[in-house]
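My entries follow in the order in which I made them.

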Amino acid sequence: MIRKFEYKDVQDIRRLFGILTDAMIAEPDMMRRLEYIENSPIDSLYVYESNDAVVGLLGFRIRENIEDDSRYGEISAIVVDSDCQKQGIGRLLMDFAEQLANELHCKGTWLVSGFGREEEAHRLYKSLGYSATGYRFVKQ
Amino acid sequence: MEVKIRKATENDFDKVYPLFEQLWPNKELDRDALRTVFYRGVNSATDELWCLDDGNQPIGFCAYAIVNNLWQAGYIAYMYAMVVDEQQRGKGFGTMLIEASIEDAKVKGLKLLELDSGFHREKAHEFYLKLGFEKRAFLFSHPLQ
């Protein structure tokens, strides 16, 4: 089942987020990030629970767009535990995000996905009707 | 003419609007809606909108929002608009706008500057790479019916 995160999930969230970043975020730092999300009017974080174990997470954020004064739902993070992949959990989380976006009157959903994930992740996004539209650029 | 960068005000909207038409040429822009968003940005504590003037005429514009999310150890700058008048490109004005934004973001203690750019904007991509940006990821989007 999909439910809103609770602070007691912090270790699971650290583990799952570590799969995306290849580096564990220290607990106090992760707690600060969770507090930020809890207090943000535009961010939310959900976990996927299976047999009392948290095995997936979904970050969702509302983005207002200057280009056409509209809002989009951003999937700010999506992860499924390595042991639980290929069971349709990612797809359930993506569907859930679209449902949220619909309820919040968004025009669409979008996400940013790093290079090197073409095999697994990008194939899933494409099968769900997503198309690649551009690049994210970053300057430190 | 003297070129200078300054914060945008509500009064700039009508002068900046033609730049938006250049930035999104294939979109039917809703001028009133865009005005609302522009005013909201100008009056928001977490948005910075900049004009680059040549004399009294804005020939460049950029805007960033201060944002945070699960991914960030702190706040960052997300640039959501960046344009220089077509007639004035290749003269370093875009570089001035980006550098001014970075300077401002540093003063505010922001960790980095991010922006998204569509595949077709190849010239812009070259420009960002030249300025030291790193191309990091793909954008995927899906319209809802």
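Which residue stands opposite Asp47(B) in strand 3 of chain B? I found Ala65(B) there.

Conventions. I am working on a predicted model, in which local features need pLDDT of at least 70, side-chain atom pairs count only at pLDDT 80 or more, and totals for chains, interfaces and linings use all residues. Residues are numbered from 1 along each chain as its sequence is written, and chains are lettered from A and ligands numbered from 1 in the order in which they are written.

Sheet of chain B. I took helices (H or I, at least four residues) and strands (E, at least two) as DSSP runs numbered from the N terminus, and counted two strands as paired if DSSP finds at least two bridges between them. Strand 2 (residues 47-54) and strand 3 (residues 57-67) of chain B pair in the antiparallel sense, over 8 bridges. Their hairpin has 2 residues between the strands, and Gly55(B) takes a positive phi near 70° in it. I then followed strand 3 of chain B to strand 4 of chain B and found them antiparallel, joined by 8 bridges. Ala65(B) turns up again here, opposite Tyr78(B) in strand 4 of chain B.

Asn69(B). I located this residue in the loop between strand 3 and strand 4 of chain B. Is Asn69(B) buried or exposed? I put it down as buried because it has 20 C-beta neighbours inside 10 Å; the cut-offs are 20 or more other C-beta atoms within 10 Å for buried, 12 or fewer for exposed and partly exposed in between, with C-beta atoms placed from the backbone. Leaving aside neighbours within four places in sequence, I listed Asp43(A), Arg61(A) and Ser76(A) as its contacts (C-beta atoms, placed from the backbone, within 7 Å). The C-alpha atoms of Asn69(B) and Gln57(B) are 36 Å apart, with the two residues 12 apart along the chain.

Interface. I recorded 41 residues of chain A in contact with 37 residues of chain B. Strand 6 (131-139) of chain A gives the most to the side of chain A that touches chain B, with 9 residues. By class that side has 18 nonpolar, 12 polar and 11 charged residues (Ala, Val, Leu, Ile, Met, Phe, Trp, Tyr, Cys and Pro are nonpolar, Asp, Glu, Lys and Arg charged, and the others, Gly among them, polar). I also checked strand 5 of chain A, which pairs with strand 6 (residues 134-143) of chain B in the antiparallel sense over 7 bridges. Thr109(A) stands opposite His142(B) there.

Glu114(B). I found this residue in strand 5 (residues 113-118) of chain B. Glu114(B) is buried, with 22 other C-beta atoms within 10 Å. Not counting residues up to four places away in sequence, Glu114(B) touches Arg136(A) and Val138(A), as well as Ile76(B) and Tyr78(B). I read 6.1 Å between the C-alpha atoms of Glu114(B) and Met79(B), which are 35 residues apart along the chain.

Core. I noted 66 residues in the largest nonpolar core, a core being a set of buried Ala, Val, Leu, Ile, Met, Phe, Trp, Tyr and Cys residues joined through C-beta atoms within 7 Å. Among those with the most contacts inside it are Leu57(A), Trp50(B) and Met79(B).

How values were computed
Two residues are in contact if their C-beta atoms, placed from the backbone, lie within 7 Å.
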